[in-house]
Each structure stands twice: as C-alpha cells, then as structure tokens.
Amino acid sequence: MLIPHDTRRALDVVVDLVNTAAEGEQPDRLADIEALYGFVRLHDVSDVGDLGALDLKAVRDVRARFAEAFAAEDAHAAAELINQLVAAAGTTPRLTDHDGFDWHVHYFAPGASVADHLAADCGMALAFIVVSGEQERLRRCEAPDCRRAFVDLSRNRSRRYCSSRTCGNRLHVAAYRARRKEAAG
C-alpha cells in the first residue's frame, strides 16, 4: 500500500490525537490549552494562531468522532463518520510545498480553526484508507490493558498491538513465563 507522505503524517496525527483521550489510569493528555499547544507543536500543525477554550473543546469533539471512526464496524459506518467530519470542516483542497516537503495537498481552508484543520486533513487521510478498501487497518491494541488506536500498515495486516516494544513484548514475555511456569509445575 503506497501512502503519500502527507497522508502518512496525517495518519500519525490522527492516531496520536485519538490516543490523547483518557483511558483507564491514563489521564486526558489534552487537559488544557497548554497541552493543545504542545500537541500542535509536536505535530507541526501549520497555520494555527492563538488557541483558546473553544478550540480545546472543538478539538476534543473532533477527537471523539475520530475515535468512533476507529471503532466503526465496517467501511460504510467509517465513511459516514469521516464524511460528516470532513464536510463540517469545510474542506478546501489546495496544493502546497512548504517546510521542505514536496508537493502535497492541504484540505483545510486558510484561516481554519485547529479543530477544522485536524478534521479536514486527518479526515481525508482516513478517507484514503477507506477508499483503498483498507478500513480494517484502523485498529485498537489487542493487549487487555491497552486500547490505543493505531493504523496497521504491515504488509499482511497482521499487527495486533499499538507497539511491539511495549504491549506486544509485554504480552509475549508474560506468555513465555506462563509456559515456563506450567512446564516447571
């Protein structure tokens, strides 16, 4: 599956955005405006001005809708959610080649709010996945104590964990120890 760099970046952003939500003992990582500024800086979200409480609420609302897209049972349900997000953001596709990146498409309108920016660009990245017939690549970690979102970009669609170094390794070690304990007992 060939994914353009701008789509890949937007997929990374939407995954990180969904994973900022409070889950289990993990607190909400978009708890305040400073955290939102940090998210914007971390992901080099361009054309963002001053942020306020309304921006924070709007981004959290967009995050919740993206989480629904990751939980969608089929492509039709995912497409409906994505269409709503993209339409509400007032997409305005335009070509650009800023910040050392080759030509790519921005879908947010100039001067758009950060929530509309994320809804448009990230929504179109998710649309690319659905259009490619790959909606099942939008997943949640299968570790029992983790439900983080991720996009499975493995060749054979076999990724099960948000991170093989953390969740995957932890479960493999636990399974190994259980087998060793059973064999010893």
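Reader: How many helices and strands does the secondary structure of the protein come to?

Author: In this predicted model, the secondary structure comes to 6 helices and 4 strands.

Reader: What does the C-alpha trace span along its principal axes?

Author: The C-alpha trace spans about 65 × 35 × 35 Å along those axes. The protein has 185 residues, of which 39% count as buried.

Reader: Let us turn to the helices. At what angle do α1 and α3 pack?

Author: Helix α1 and helix α3, which covers residues 53–71, pack at an angle of about 105 degrees. Their axes are 9 Å apart. Angles of 65 to 115 degrees count as roughly perpendicular, so α1 is roughly perpendicular to α3.

Reader: Which residues make that contact between α1 and α3?

Author: From α1 the contact uses Val14, Val15, Leu17 and Val18. From α3 it uses Val59, Val62, Arg63, Phe66, Ala67 and Phe70. By class, the contact of α1 with α3 has 9 nonpolar residues, no polar ones and 1 charged.

Reader: How do the axes of α1 and α5 cross?

Author: The axes of α1 and α5 cross at roughly 110 degrees and come within 8 Å. Helix α1 is therefore roughly perpendicular to α5.

Reader: Which residues are involved there, and how do they divide by class?

Author: Helix α1 contributes Thr7, Ala10, Leu11, Val13, Val14 and Leu17. Helix α5 contributes Leu118, Asp121, Cys122, Ala125, Leu126, Phe128 and Ile129. The residues of this contact of α1 with α5 divide into 11 nonpolar, 1 polar and 1 charged.

Reader: Which element gives the most to the lining of the second largest pocket?

Author: Helix α1 gives the most, with 5 residues. Both α1 and β4 (149–151) supply at least two residues of the lining. By class, the lining of the second largest pocket has 7 nonpolar, 3 polar and 5 charged residues.

Reader: You mentioned Val151. Where is valine 151 found, and is it buried or exposed?

Author: Valine 151 is found in strand β4. Its relative accessible area is 8%; buried means under 20%, so valine 151 is buried.

Reader: What does valine 151 touch?

Author: Leaving out residues up to four places away in sequence, valine 151 touches Leu11, Val15, Phe70, Arg137, Leu138 and Arg159.

Reader: Now the loop between α2 and α3. Where does serine 46 lie, and what does it touch?

Author: Serine 46 lies in the loop between α2 (33–42) and α3. Not counting residues up to four places away in sequence, serine 46 touches His98, His106, Phe108 and His117. Serine 46 counts as buried because its relative accessibility is 14%.

Reader: Is aspartate 44 buried or exposed?

Author: Aspartate 44, which lies in the loop between α2 and α3, is exposed, with a relative accessible area of 55%.

Reader: What is the phi of aspartate 44?

Author: Aspartate 44 has a positive phi of about 50 degrees, although it is not a glycine. Most residues other than glycine have a negative phi. Aspartate 47 lies in the loop between α2 and α3, and has a positive phi of about 55 degrees without being a glycine.

Key:
Residues are numbered from 1 along each chain as its sequence is written. This is a predicted model: local features need pLDDT of at least 70, side-chain atom pairs count only at pLDDT 80 or more; totals for chains, interfaces and linings use all residues. Side-chain values use heavy atoms; hydrogens and water are left out. Ala, Val, Leu, Ile, Met, Phe, Trp, Tyr, Cys and Pro count as nonpolar, Asp, Glu, Lys and Arg as charged, and the others, Gly among them, as polar. Axes are lines fitted to C-alpha atoms, for helices over the stretch in contact, and angles run from 0 to 180 degrees between N-to-C directions. Angles under 35 degrees count as roughly parallel, over 145 as roughly antiparallel, 65 to 115 as roughly perpendicular and the rest as oblique. Contact means heavy atoms within 4.5 Å. Buried means under 20% relative accessible area, exposed over 50%, partly exposed in between (1.4 Å probe, protein chains only).
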